[in-house]
Amino acid sequence: MSEGKVCMCEKKNDCEEKQSVADPDTRYPDGTVKLRNPHIELMDQDILYHIALGSESHDLVEMFGDVKFVCMGGTPNRMKNFAHFIMEEIGYKLPTGTDLMDISQYSYRYSMYKVGPVIAVSHGMGVPSIGILLHEMIKLMYHAKAQDPVFIRIGTCGGLGLEPGTVVISDQAVDGLGNYSYSVPILGEVVKRPAKLDKKIVRELKALSSVDDPYETVVGTTMCAEDFYEGQGRIDGAFCDYTEVDKQNYLEKLVKQGVKNIEMEATPFAALTHHAGIKAAIVCVTLLNRLKGDQVAAPKEVINEYQERPQKLVARYIKKYLQTKGRLCSLDGHGSMAVKSPRRFKLVQQESQTFE
Ligand SMILES: O=P(O)(O)O[C@@H]1C[C@H](O)[C@@H](CO)O1
Ligand SMILES: O=c1cc[nH]c(=O)[nH]1
């Protein structure tokens with residue numbers, strides 16, 4: 001589909017299943033990422049400013065050529081915890097006396113960790129923040145020659161009619177105006193890009209939820225708001241020019257449209273990954289039921305436990321992939337970015353590992 005045009009079946013994203021897995025616009029035959037930007041390869045170097053990396057200052061192929069999963073979520077702490085969790089889950093061993101390092105620490109913007117084939121990176125809050133990160137992570141995958149990377153957002157959200165702590169796998173993303181696309185002004189004109197997620201990954205993730213999980217995992221539409229307060233119909237912001245009844249009517253309307261949850265990154269995440277030909281999924285946990293209130297009042301420990309739920313599902317998915325590829329038990333501390341402990345920030349030499 002040409003740039004800026006919205007897919008004819010955008011309302012239901014029906015063409016997703018027919019999407020070519022190796023679109024020549026976005027993939028080289030070996031599965032490495034092709035950029036839809038002719039300028040980049042003409043540049044002497046490409047500085048990935050917000051993640052503190054560069055195509056000339058770093059050997060990006062050596063550092064990131066083995067990446068298969070780019071997992072992102074709002075906070076640095078969540079992504080650091082996820083990096084440690086996934087290391088445990090996939091049996092990844094760091095060299096003795098070393099610990100994971102924040103690769104992007106000197107950007108003072110985002111935090112990024114790498115555990116073998118998995119990147120865990122924070123994206124901050126909202127559309128512009130995740131948009132900038134996505135540009136740089138997609139370019140990073142291109143420079144690194146990573147093959148068929150999958151992007152997954154691990155987030156929090158407000159649920160609609162769901163028990164707090166429910167895990168929601170997004171099957172499509174809609175903005176606050178009801179568009180199943182991401183609209184961004186470019187050169188003075190609004191460009192709309194379809195916000196599509198990979199239906200197969202949605203099914204695979206859902207199949208990995210377990211009846212033994214002490215919470216529900218559901219699939220549904222995710223609304224991406226531009227704001228946490230008025231943009232999500234809350235009545236507890238600094239301003240509010242509508243009534244509780246107006247709010248309830250609005251939320252009920254969303255429910256009728258199949259919206260299960262509201263967060264703040266889904267449309268750019270779905271649209272920019274789709275535009276780059278990168279398969280992507282969003283798994284969020286609901287912190288509250290928005291039909292019953294606005295304040296996030298659950299205690300910190302409860303919220304922390306909730307946040308682990310999407311991580312567990314995504315870890316099952318990654319493990320299954322690695323098992324299928326026969327890689328699970330052979331991860332031995334290469335391909336990570338680590339610091340020697342307690343010495344500060346010394347890079348441990350790494351070897352890249354590549355999946356077939
Ligand atoms: O991944 P996170 O928990 O940051 O996702 C949601 C959407 C906003 O970024 C933020 C608002 O509290 O949480
Ligand atoms: O209600 C909520 C909770 C978390 N994140 C959101 O964007 N909204």
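Trainee: Which element gives the largest share of the shell around ligand 2?
Mentor: The largest share, three residues, comes from strand 7, where a residue belongs to the shell if its C-beta atom, placed from the backbone, lies within 6 Å of the molecule. Strands here are DSSP runs of E with at least two residues, helices are runs of H or I with at least four, and both are numbered from the N terminus. Before we go on, keep in mind that this is a predicted model, in which local features need pLDDT of at least 70 and side-chain atom pairs count only at pLDDT 80 or more, while totals for chains, interfaces and linings use all residues. Residues are numbered from 1 along each chain as its sequence is written, and chains are lettered from A and ligands numbered from 1 in the order in which they are written.

Trainee: OK, and which residues are around ligand 2?
Mentor: They are T156, C157, G158, F228, Q232, I262, E263, M264, L287 and V296. Strand 7 (150–159) and strand 12 (259–263) each supply at least two residues of that shell.

Trainee: How does that shell divide by class?
Mentor: The shell around ligand 2 has six nonpolar, three polar and one charged residues, where Ala, Val, Leu, Ile, Met, Phe, Trp, Tyr, Cys and Pro count as nonpolar, Asp, Glu, Lys and Arg as charged, and the others, Gly among them, as polar.

Trainee: Let me pick one of them: is L287 buried or exposed?
Mentor: L287 is buried, with 21 other C-beta atoms within 10 Å; the rule is that a residue is buried if 20 or more other C-beta atoms, placed from the backbone, lie within 10 Å of its own, exposed if 12 or fewer, and partly exposed in between. L287 lies in strand 13 (residues 279–289).

Trainee: What does L287 touch, apart from its sequence neighbours?
Mentor: Leaving aside neighbours within four places in sequence, L287 is in contact with T156, G158, P164, V296, A298, I303 and Y306, a contact being two C-beta atoms, placed from the backbone, within 7 Å.

Trainee: Switching to ligand 1, what surrounds it?
Mentor: Ligand 1 is surrounded by G73, G74, M125, G126, G155, T156, F228, E263, M264 and E265, which divide into three nonpolar, five polar and two charged residues.

Trainee: Where does ligand 1 lie relative to the domains?
Mentor: Domain 1 (25–148 + 339–355) and domain 2 (153–326) both give residues to its shell, so ligand 1 lies between them; the bounds come from an automatic or database domain assignment.

Trainee: How far apart are the domain centres, and how many residues are in the contact?
Mentor: The C-alpha centres of domain 1 and domain 2 lie 24 Å apart, and the contact takes 26 residues from domain 1 and 22 residues from domain 2. On the side of domain 1 that touches domain 2, strand 3 (69–73), helix 2 (76–89) and helix 3 are the elements giving two or more residues, and the residues of that side divide into 15 nonpolar, six polar and five charged.

Trainee: What about the largest nonpolar core?
Mentor: It has 85 residues, and those with the most contacts inside it are C71, V121 and V283; such a core is a set of buried Ala, Val, Leu, Ile, Met, Phe, Trp, Tyr and Cys residues joined through C-beta atoms within 7 Å. Its largest share, ten residues, comes from helix 3 (residues 127–144).

Trainee: Last one, why is helix 6 called largely enclosed?
Mentor: Because ten of the ten residues of helix 6 (residues 266–275) are buried, helix 6 is largely enclosed by the rest of the structure. Just after helix 6, G277 takes a positive phi of about 75°.
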